[in-house]
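The following note sets out points for a colleague who is looking through this model. Please read each point alongside the sequence and the coordinates.

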Amino acid sequence: MAEKNHPKQPVHYGEWPSPITAQMVANAATSHSQIQALSDAIYWVETLPEENNRCVIVCQRLNQGQPSGEPDILTPAEFNVRSQVHEYGGGAYLVAHTQESKAVYFCNFADQRVYKQNLKGGAPTPLTPEGPYRYADFCIDSKRQRLFAVRENFTRVEKHLSQYPENEIVIIDTETGDTDVLIKGADFFSNPRISPNGKKLCWLCWNHPQMPWDGTECWVAELNEEGIPISGAKAAGSSEESVFQPQWSPDNVLHFVSDKNGWWNLYRRVDSQDAEALYTMEAEFGRPQWVFGQSCYDFDGSNKGNIVCCFNQAGYWRLAKLEPGNDPGAENPYKLLCYKDTFADIGYLKTSGDQCVFVAAFADKAAEILLVNVDSQKPAALKKASPLPMSSGYLSSPQGLTFTTTDGSEVHGFYYPPTNKDHPTPANHPPAIIKSHGGPSSATSSALDFSLQFWTSRGFAVFDINYRGSTGFGRTFREKLKGGWGKVDVEDCIAAAEYLVSIEKADKNRLIIRGSSAGGYTTLSALTFSNTFKAGASYYGISDIKALAEDCHKFESHYVQNLLGPLPEQEALYFERSPLHFPEQLSCPVIFFQGAKDHVVPRNQARKMVSVLKEKQLPVAYVEFEQEAHGFRLTANIIQALENELYFYRRVLNLKNLERLKKVEIYNLAAITD
């Protein structure tokens, strides 16, 4: 008798085997950043997952404006192009073409010295001497053969005279390495930029307790023949105005991005006149300055005053061109001409002749470096997206969702439904993961993220939320976090979970929350101060706000004060918002991941929380990586963390383990399995 064909029985949500492995996630961790565009070549920094995310400089040569040959890695194997200024780095190199030489200057991660590499050949040689210094954000003064740079000077820290380093703008002789302090006095500096005629220098500075997205000042100084500032004056900014990316036009006019009207829009300032908005709109032409070297606009080569730019509206990015010449009396002196497509993200935009180059992120493929003629709208990929390592049938497409939160605000996020072509959709609702981004003054996007697809391809829904306080939605929305951190972000994550349940996109009995750094704090707070979630994962998250405020690196040492007020005046609020002090309110399993060398959120934060949960006999797991700092870079650790987290969820939610995973010890698991 012939065997009957029975329909395939659905496998439960959360149990689906998937070809998107943790190894694949680690291998897909390649990032591209810090683009520099010259007439004959485009340069960028690229991470190499196969080398534990070592950062290298890549060069794509151009011939008549078009790519010529394959990109070349310029950085020898023993070097890692990565700065540690502000701990987060960025702005780690500069390619400089002068009359005497073509060279690249870069900061090497291991010793934080500046190295010089001749582009005509030869190994990099150290330019700056050994010492307690870190460098970033370089600018070349071609006329005088020197570099401007931001430097963190730890001399006073080593002598136990200060808790924090001194931040300075220095000049470095490109031949001898002799270094002199040019500007100091503020708590922080960035963006030292010399005008094309060599007569002026601009820079950004800010002081505690402001973060750069809260308030910065843009200063301009006249330079004498030796290139030394002889006068200086504030050109824009204040403690309540965030200025971003000051830059000189080819005709020596200062341009910058400012949120003085509530949104990061483009301005220019001619001599001592008041700053003029080029085009006012409810969109963000800037982004939070967590790292150096970011760029959202540049001047094209037409000599017509055109500006190529990008902006963010409601989580989606557009490429555009600003052209002068609107009718007299028009509200905006420039016209905005938008590129046809939208992107999940646009970063590090630069121009080369009549073209622009940028890192473009997409929802359905890996990021690319695109070279685009904005007029003809014809893109060419300098760095093409790597082919998908599996069928697109395993990819979940983001769905933009908006819901109303507790104060009536509209909150945006991206919902990713469970997707796997090998498995029929069960009739019930899926377990859902609320993902809270870090920062907290940061944002998520719809860019393809294999670490997110790792979950959706196994039958978990994911909602990636831009809670109140996220950037990209104007200053008013961003400042809702002030006084509200640990409250409004938590309320929004809870509201997001409840919204998914209400529209039948999530199982109310299998809600999970996960996050890293500040997102880990939101995760722990949501697990402690509500009963909404059934499990959670904290990656180097904060559990004690006061401890963080008292033991944090300089860049963020007043961040908590800015969000919640100063100590000791607000000590009661710090206590109320710290999950560590309310373990009796936590009643679900949690897994913690931590780097032993983390100086942003020290490991004692996680260790204390785990100890308390063990005492309470709650299921808990703790994974500490000896060689990791804030954010995991070693391939083996990325793999272990993901597999441990999946194993943890399946055990505590009583789901079957149909894959070989790295197991993790779960303390007190019997508390929920007996």
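1. The structure holds three cavities of 30 Å³ or more. A cavity here is a set of points, on a 1 Å grid over the protein atoms alone, where a 1.4 Å probe fits but cannot get out; grid points are joined across faces, edges and corners, and a volume is the space filled by probe spheres set on the points. The model is predicted: local features need pLDDT of at least 70, side-chain atom pairs count only at pLDDT 80 or more, and totals for chains, interfaces and linings use all residues. Residues are numbered from 1 along each chain as its sequence is written, and side-chain values use heavy atoms, with hydrogens and water left out.

2. The largest cavity contains about 100 Å³ of space. Its lining comprises 13 residues, and G439, I542, L548, E556 and Y559 lie nearest the centre. Lining residues have an atom within 4 Å of a point. By class, 10 of them are nonpolar (Ala, Val, Leu, Ile, Met, Phe, Trp, Tyr, Cys and Pro), two polar (the others, Gly among them) and one charged (Asp, Glu, Lys and Arg).

3. S516 lies in strand 34; strands (E, at least two residues) and helices (H or I, at least four) are DSSP runs numbered from the N terminus. The residue is partly exposed, with a relative accessible area of 26%, on a scale where buried means under 20%, exposed over 50% and partly exposed in between (1.4 Å probe, protein chains only). Leaving aside neighbours within four places in sequence, S516 is in contact (heavy atoms within 4.5 Å) with S436, G438, Y539 and Y540. S516 and Q594 are 78 residues apart in sequence, with 9.7 Å between their C-alpha atoms.

4. E504, whose phi is positive, near 60°, follows the helix.

5. An open sheet of four strands has the order 6-7-8-9, with antiparallel pairing. Strand 6 (93-97) and strand 9 (125-126) are the edges, each with a single partner strand, so one side of each has no neighbour in the sheet. Strands pair if DSSP finds at least two bridges between them; two bridges join strand 8 (residues 114-118) to strand 9. Y115 stands opposite P126 in strand 9.

Technical notes:
1 Å grid on protein atoms, 1.4 Å probe; cavity = no way out; pocket = protein on both sides within 12 Å on 5 of 7 lines; lining within 4 Å.
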